[in-house]
Amino acid sequence: MDNIDILPESILDYAENHSEEESELLKKLHRETYAKILMPKMISGHLQGRILSMFSKMIRPKHILEIGTFTGYSAICLSEGLVPDGKLITIEINEELEPVFTKYFKEAGIADQIKYYIGNALDILPELNINFDLVYLDADKTNYSSYFDLIFNKLNPGGVIIADNVLWYGKVATQAAKNDKDTQCIQEFNRKVHNDSRVENILLPIRDGLMVLRKK
């Protein structure tokens with residue numbers, strides 16, 4: 001499937017037209033991603049980017065963790081809510097994307113606020129001795145439950161985790177999971193966090209689905 005948006009295109013267009021416009025820098029990054037990068041649909045894009053920015057501005061985090069940098073669009077959006085001395089840590093497994101996101105972090109004027117790691121998040125997360133106020137999870141779906149387990153004790157009380165792609169093209173609500181490991185893993189993650197008494201959660205049917213969790 002090329003389109004990961006659950007909403008009809010007309011509704012999505014209306015929502016974008018009545019939401020804050022993305023910056024010229026983000027528009028440029030979006031265009032370059034679609035022109036030069038494999039699987040460009042993985043970029044957050046206008047509406048989801050503004051949602052991430054809004055959450056960050058409401059939370060006013062000192063430390064943000066992102067798992068899955070891609071070309072840097074979501075990190076730039078999340079950084080908009082950082083307190084002045086705040087930091088964003090982002091982890092990307094694909095080293096070929098490093099020149100793209102580092103260029104845009106510099107153009108956005110946030111390079112000093114961002115620490116990035118290239119590698120497997122399962123190896124990197126245990127080494128991070130930081131507590132986070134906001135976490136954005138947008139990496140390989142088979143490890144979502146493992147990421148949650150590694151992250152939870154590093155999340156401050158009241159901290160928020162936002163997990164992307166939790167509707168997985170709508171497959172989670174169909175019989176497709178029988179033959180699709182990614183769908184099965186997303187279903188497992190959704191059940192796991194929904195039944196976890198340590199968090200409050202809401203699944204938002206935006207784009208490919210956002211699971212928002214708040215640590216009690």
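## Asn165 and the basis of the model

A polar contact is a pair of N or O atoms within 3.5 Å, where within protein one must be able to donate a hydrogen and the other to accept it, and residues adjacent in sequence count only if both atoms are side-chain atoms. A polar contact of this kind, at 2.7 Å, links the side chain of Asn165 with that of Lys141. The model is predicted, so that local features need pLDDT of at least 70 and side-chain atom pairs count only at pLDDT 80 or more, while totals for chains, interfaces and linings use all residues. Residues are numbered from 1 along each chain as its sequence is written, and side-chain values use heavy atoms, with hydrogens and water left out.

Asn165 sits in the loop that runs between β5 (155-164) and α8 (181-194) (helices, H or I of at least four residues, and strands, E of at least two, are DSSP runs numbered from the N terminus). With a relative accessibility of 8%, Asn165 counts as buried (buried is under 20% relative accessible area, exposed over 50% and partly exposed in between, with a 1.4 Å probe and protein chains only). The phi of Asn165 is near 65°, a positive value in a residue other than glycine. Most residues other than glycine have a negative phi.

## The sheet

An open sheet is formed by 7 strands in the order β3-β2-β1-β4-β5-β7-β6, with mixed pairing (two strands pair if DSSP finds at least two bridges between them). From one strand to the next the twist averages 15°.

Strands β1 and β2 pair in the parallel sense over 5 bridges, and among the residues involved Ile64 has Leu88 in β2 as its bridge partner. Strand β2 (87-92) has 5 of its 6 residues buried, so it is largely enclosed by the rest of the structure. Elsewhere in the sheet, β5 and β7 run antiparallel and are joined by 5 bridges, with Ile162 bridged to Val212 in β7. Strand β7, residues 210-215, is likewise largely enclosed by the rest of the structure, because 5 of its 6 residues are buried.

Strand β6 (residues 199-204) is antiparallel to β7 and is joined to it by 6 bridges. Across this pairing Glu200 stands opposite Arg214, and Val199 stands opposite Lys215.

Arg207 is one of the residues in contact with Ser44, together with Gly49, Leu52, Tyr73, Ser74 and Tyr136, when the neighbours of Ser44 within four places in sequence are left aside (contact means heavy atoms within 4.5 Å). Ser44 itself is located in the loop between α2 and α3, and is buried with a relative accessible area of 4%.

## Helices against the sheet and each other

Helix α5 lies across β2 and β3, running at about 180° to β3 (axes are lines fitted to C-alpha atoms, for helices over the stretch in contact, and angles run from 0 to 180 degrees between N-to-C directions). Helix α7 lies across β1 (63-67), β4, β5, β6 and β7, and its direction is at about 165° to that of β5.

The axes of α7 (residues 144-152) and α8 come within 8 Å and cross at roughly 35°. On the α7 side the contact is made by Tyr144, Ser145, Phe148 and Asp149, and on the α8 side by Ile186, Glu188, Phe189, Lys192 and Val193. These residues divide into 5 nonpolar, 1 polar and 3 charged (Ala, Val, Leu, Ile, Met, Phe, Trp, Tyr, Cys and Pro count as nonpolar, Asp, Glu, Lys and Arg as charged, and the others, Gly among them, as polar).

## Nonpolar cores

The largest nonpolar core has 34 residues, and those with the most contacts inside it are Ile76, Leu78, Leu88, Phe105 and Ile162 (a core is a set of buried Ala, Val, Leu, Ile, Met, Phe, Trp, Tyr and Cys residues joined through side-chain atoms within 4.5 Å). At least two residues of this core come from each of α2 (24-36), α3 (45-59), α4 (73-79), α5 (98-107), β4 (132-137), β5 and β7, and α4 supplies the largest share, 5 residues. A second, separate core of 30 residues includes Ile67, Phe132, Leu155 and Leu167.

Not counting residues up to four places away in sequence, Phe105 touches Thr69, Gly72, Ala75, Ile76, Thr90, Ile110, Ala111 and Ile114.
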